[in-house]
Amino acid sequence: MAAIKRRERDTIIQALRAGVVPRLGLQHIQVGRAREIEELVRDMERIAEGGSAIRFVIGEYGSGKTFFLNLIRLVALEKGLIVMSADLAPDRRLHATGGQARSLYSEMARNLSSRTKPDGGAMASVVERFVSQLQRDAEKQDKATGELIRERLAHFEEMTNGFEFAEVIRNYWEGHETGDEELKSAALRWLRGEFATRTDARNALGVRTIIDDANVYDHLKLMSAFVCEAGYSGLLVSLDEMVNLFKLTSSQARNANYEQILRILNDVLQGSASHLGFIMGGTPEFLMNTRRGLYSYEALQSRLAENSFARDGLVDLSGPVVRLSSLTPEDLFVLLSKVNLIAHDEGQQLPDAALEAFMRHCSERIGEAYFRTPRNTVTAFVNLVAVLQQNPGTEWSDLIEEIEIANDTGDDMSDIEDGAGVAPQSDDELSSFKLG
């Protein structure tokens with residue numbers, strides 16, 4: 001295993017013990033998924049070259065969607081892309097009329113990440129990079145910076161709300177030039193979708209529009225164009241917890257959101273989007289349920305249908321849908337081995353016999369669920385290691401049989417009452433560790 005920094009080590013162990021996906025060091029605990037990762041890496045390269053991509057990462061509860069999405073987010077950052085990410089929630093969705101779509105955009109904008117700021121909050125540095133670069137170019141060309149900004153962003157005026165976007169950037173430059181921190185702050189607030197009314201935006205920046213429920217996707221396209229102007233390779237939008245659309249009680253609201261997804265899908269498949277990619281995580285019910293899922297929207301079903309030749313062990317990873325299979329027991333052994341190395345100093349790791357005994361115990365308690373939904377299994381292992389480390393002289397063999405392992409089934413779908421026979425499964429993976 002490659003050398004691991006203490007910060008990454010502590011983050012990984014604390015996250016695993018709490019049952020959540022660590023934000024750092026994912027490469028140290030990644031197992032399996034080689035073909036899926038290779039395919040998504042190609043997507044990132046296509047985006048960087050001016051193309052577009054969209055993927056629906058589909059897997060059963062516990063199969064690793066959140067982990068996979070976080071891993072691809074890190075890959076995108078390494079490829080020079082900017083990443084906007086968020087979890088959908090009852091108050092955050094793609095289409096709405098009561099502010100929920102703007103709320104989703106604001107969350108994505110706050111989480112905007114770059115290679116130098118992988119934990120989010122990178123909006124200011126992206127804008128600052130653009131302005132600083134334009135200042136240097138203006139000096140070389142003996143032009144006024146404001147004039148050069150106007151030239152560089154002139155093509156934005158052909159895009160929906162592009163004029164106002166460019167005007168906000170010019171406001172930021174003016175604040176940068178005059179030392180007006182309030183003006184710079186107002187520009188960043190506008191870019192993050194934090195203005196609730198047009199009046200407030202007009203008073204602060206002199207623009208007549210704001211980012212609202214009706215134009216979220218248009219602003220994602222503007223943002224992808226802007227980050228390219230700032231010197232990045234493109235924009236990846238990562239959305240998790242898509243099951244929250246499935247859970248909407250109003251069929252009209254669900255269909256409006258699915259129509260927005262169709263619009264994005266059509267743009268990508270037809271080549272209308274540039275330097276822009278989407279990755280969305282959901283369960284099979286979110287995709288295939290014909291009463292409430294994406295398949296309930298006929299146009300989406302036809303575009304997302306599986307390749308009829310991909311059966312009997314054959315796979316096709318080139319389409320929009322990427323299905324994540326469960327981990328194998330061998331994958332879980334490799335994972336526990338990696339956690340074992342991370343949690344211990346050199347030469348103090350538990351022997352393989354301990355890992356094998358631990359896995360046998362888990363198998364006897366909850367059957368094959370211990371590797372299909374491994375959050376509780378991994379958490380129990382980290383707890384075992386912690387007790388052994390803090391109680392010198394204690395033998396692992398004395399503790400194995402005392403470990404309690406619960407079957408991690410999830411229940412955040414149990415509130416859905418629908419005649420379609422929806423299985424009570426969960427997509428709440430941000431609060432649980434799922435392996436990729």
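The model is predicted: local features need pLDDT of at least 70, side-chain atom pairs count only at pLDDT 80 or more, and totals for chains, interfaces and linings use all residues. Residues are numbered from 1 along each chain as its sequence is written, and side-chain values use heavy atoms, with hydrogens and water left out.

**Spaces**

Rolling a probe the size of a water molecule over the atoms shows where empty space is left. On a 1 Å grid over the protein atoms alone, a cavity is a set of points where a 1.4 Å probe fits but cannot get out, whereas a pocket is an open set with protein on both sides within 12 Å along at least five of seven lines; lining residues have an atom within 4 Å of a point. Points are joined across faces, edges and corners, and a volume is the space filled by probe spheres set on them.

| Space | Volume | Lining by class |
|---|---|---|
| Second largest pocket | about 280 Å³ | five nonpolar, two polar, four charged |
| Largest cavity | about 30 Å³ | five nonpolar, one polar, no charged |

Here Ala, Val, Leu, Ile, Met, Phe, Trp, Tyr, Cys and Pro count as nonpolar, Asp, Glu, Lys and Arg as charged, and the others, Gly among them, as polar.

The lining of the second largest pocket includes Glu-8, Arg-23, Gln-27, Arg-115 and Pro-118. Helix H3 (residues 65–78) gives the most to this lining, with four residues. Helices (H or I, at least four residues) are DSSP runs, numbered from the N terminus.

The count of cavities of 30 Å³ or more comes to one. Leu-94, Val-216, Tyr-217, Leu-220, Gln-260 and Ile-264 line the largest cavity. Helix H10 (216–229) and helix H12 (251–269) each supply at least two of its lining residues, and the largest share, three residues, comes from H10.

Arg-263 lies in helix H12. Its relative accessibility is 31%, so Arg-263 counts as partly exposed, a class between buried (under 20% relative accessible area) and exposed (over 50%), with a 1.4 Å probe and protein chains only. Leaving out residues up to four places away in sequence, Arg-263 touches Tyr-217, Asp-218 and Lys-221; contact means heavy atoms within 4.5 Å. Leu-300 is 37 residues from Arg-263 along the chain, and their C-alpha atoms are separated by 9.9 Å.

Helix H15 (residues 329–343) has 15 residues and should span 21 Å, which agrees with its end C-alpha atoms being 21 Å apart. The expected span is 1.5 Å times one less than the number of residues. Among the buried residues of H15 are Leu-332, Leu-335, Leu-336 and Val-339.
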